[in-house]
Amino acid sequence: MTTDTLGRIAQVLAERKQASADSSYVASLYHKGLNKILEKVGEEATETILAAKDAQISGNTDELIYETADLWFHSMIMLSALDVGPQAVLDELERRFGVSGHAEKASRNQD
């Protein structure tokens, strides 16, 4: 996935913030508020986990890819609702690149 794709999605999400609730699914989520958006993120996370379990058994990852796309999309809606763009997450991932997972976790526990 390229940052261009994330940027295009972020732009559409920002535009939908100003749209009427009946104009799109994303606009309706924004109008329902953060709790509804978080509920959707949780729902999509659960569906992704179940799809991963099924993929492990079947060897077919199509549903896992589909559900992961839903999870990422709803996570981007959550971030957008809080005025956080995808670049902030990419920057954090870049910061962690080459850092041991154990060291990164330890640095968070010291705060």
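**Close-up views of a predicted model**

**View 1. Lys40, Glu43 and Glu44 are linked in a network of salt bridges.** A salt bridge is a side-chain nitrogen of Lys or Arg within 4 Å of a carboxyl oxygen of Asp or Glu, and by this rule the count comes to seven. The model is predicted, so local features need pLDDT of at least 70 and side-chain atom pairs pLDDT 80 or more, whereas totals for chains, interfaces and linings use all residues. Residues are numbered from 1 along each chain as its sequence is written, and side-chain values use heavy atoms, with hydrogens and water left out. Between Lys40 and Glu44 the closest N and O atoms are 3.7 Å apart, and both residues are buried (under 20% relative accessible area, with exposed over 50% and partly exposed in between; 1.4 Å probe, protein chains only).

**View 2. Glu39 forms a salt bridge with Lys36 in helix α3.** The closest N and O atoms of this pair are 3.0 Å apart, and the two residues, three apart in α3 (residues 34-58), are separated by about one turn of the helix; helices are DSSP runs (H or I, at least four residues) numbered from the N terminus. Glu39 is partly exposed at 46% relative accessible area, and Lys36 is partly exposed at 27%.

**View 3. Glu92 and Arg96 meet in a salt bridge through their side chains.** The N to O distance is 2.9 Å, and the two residues are four apart in helix α5, about one helical turn. Glu92 has a relative accessible area of 26% and Arg96 one of 33%, which counts as partly exposed.
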